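Here is a briefing on the structure shown below. Topics run from overall build to single contacts.

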Amino acid sequence: MKQLSRQDAADDGLLDSFGARPTGDGRWSATIDRSWWGWSGPHGGAIAALAVRVGADAAPGTSVRALDLRFVGKPDGAELLLAPSVREVGRHTRIVDVSITQAGVEIASASVTAGRVGESGPTDVVDRSASVPGPERLDSFMIPPEIVPMGAHLDLRPVDGPLPLTGASEPWMRAWITTRTPMAVDAGYLALLADCLPPAVFPTLTAPLALPTVAFSMHVTSPLDDATPAPILVHTRNISTSGGWSVDDTSLRDRGGRLLACARQSRRVLGWPVR
């Protein structure tokens, strides 16, 4: 993976979108303004993306391979402070624990796994089972910004599968997504996009519900050797909704069908009696 230098990162659209900057004491500061809010607060994917970027900055010379994020409080619009702590695991692997606080209260904790990537082999996972049209051949779909403000930041083009809140029988969605502000295709960007589609159970509903993310994990599956901004094919599927919890699996692929990353989210189901 081609690493962004500190200066490159400072000039990148992802960090600029959230005013992210190093504070000089090893921590980073960022603010997720209301245009990047989801249903009821700051977009969880933005917090995940910032944690990845801070982890990558703390482990220079490595590539991000995985992220585990847990929300331990409810974020709001206040300044975020992200404090990394690095642990060495062998010669080439680093674990970066990132504490994320607002007004001195921890609202999330993340663990970023980074390490050296070897030469690419013939084992990249490529989806050859179906050919999907490119984004330029598809219509754009706007998530209503009056309900989900961050929808205005996305160019989202559904490929197939049901749309949200249509009372469909299948709980999945697939779409090409890119941000309207160009952002480098790196692990932070993939973490952001992995949380950009609505919860995958939404196509089976006819009215929105609050399903806040409690746990989010992502694994990078291919070398990210081209940081040029590009649309990503995001496919999310609900694998379980029961007992007040909902679990989604998400894959992210490039134009060639190569699997770039896979993610999983566990969400609480609020205000809906799940049988």
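Buried means under 20% relative accessible area, exposed means over 50%, and partly exposed lies in between (1.4 Å probe, protein chains only). By that cut-off Phe-18, at 1% relative accessibility, counts as buried. This is a predicted model: local features need pLDDT of at least 70, side-chain atom pairs count only at pLDDT 80 or more, and totals for chains, interfaces and linings use all residues. Residues are numbered from 1 along each chain as its sequence is written, and side-chain values use heavy atoms, with hydrogens and water left out.

**Overall build**

- The protein has 4 helices and 12 strands. Helices (H or I, at least four residues) and strands (E, at least two) are DSSP runs, numbered from the N terminus.
- The radius of gyration is 18 Å, close to the 19 Å that the globule rule gives for 275 residues, so the protein is as compact as a globular protein of that length. The radius is taken over C-alpha atoms, and the rule is 2.2 Å times the number of residues to the power 0.38.
- Along the principal axes, the C-alpha atoms fill a box of roughly 50 × 45 × 30 Å.
- Of the 275 residues, 49% are buried.
- Contact means heavy atoms within 4.5 Å. Among contacts with a separation of 6 or more, 67% join residues 24 or more positions apart.

- The 12 strands form an open sheet in the order 1-2-4-5-6-3-9-12-11-10-8-7, with antiparallel pairing. Two strands pair if DSSP finds at least two bridges between them.
- Strand 1 (21-22) and strand 7 (154-160) are the edge strands, and each pairs on one side only.
- Strand 1 pairs with strand 2 (residues 28-30) in the antiparallel sense, over 2 bridges. Arg-21 stands opposite Ser-29 in strand 2.

**Nonpolar cores**

- A nonpolar core is a set of buried Ala, Val, Leu, Ile, Met, Phe, Trp, Tyr and Cys residues joined through side-chain atoms within 4.5 Å.
- The largest core has 63 residues, and Leu-50 and Ile-100 touch the most other members. Helix 3 (residues 44-58) gives the most to this core, with 9 residues.
- Apart from this core lies another, of 6 residues, among them Val-201, Leu-205, Leu-209 and Val-269.
- Beyond its neighbours within four places in sequence, Leu-50 is in contact with residues including Leu-14, Phe-18, Ile-32 and Leu-82.

**Rings and charges**

- Rings of Phe, Tyr and Trp (its six-membered ring) pair if their centres lie within 6.5 Å; planes under 30 degrees apart count as stacked, over 60 as edge-to-face and the rest as tilted.
- The count by this rule is 1 aromatic pair. The ring centres of Phe-18 and Trp-36 are 5.1 Å apart and their planes stand at 65 degrees, so the pair is edge-to-face.
- Phe-18 lies in the loop between helix 2 (13-17) and strand 1, and Trp-36 in the loop between strand 2 and helix 3, so the pair ties together parts 18 residues apart in sequence.
- Trp-36 is buried, with a relative accessible area of 2%.
- A charge sits over a ring if NZ of Lys or CZ of Arg is within 6 Å of the ring centre and within 35 degrees of the ring normal.
- Arg-34 lies over the face of Trp-37, 4.1 Å from the ring centre. The charged end of Arg-255 sits over the ring of Trp-176, 5.9 Å from its centre.

**Ala-66**

- Ala-66 lies in strand 3 (residues 63-71). Ala-66 is buried, at 9% relative accessible area.
- Not counting residues up to four places away in sequence, Ala-66 touches Ser-111, Val-112, Thr-113, Met-218 and His-219.
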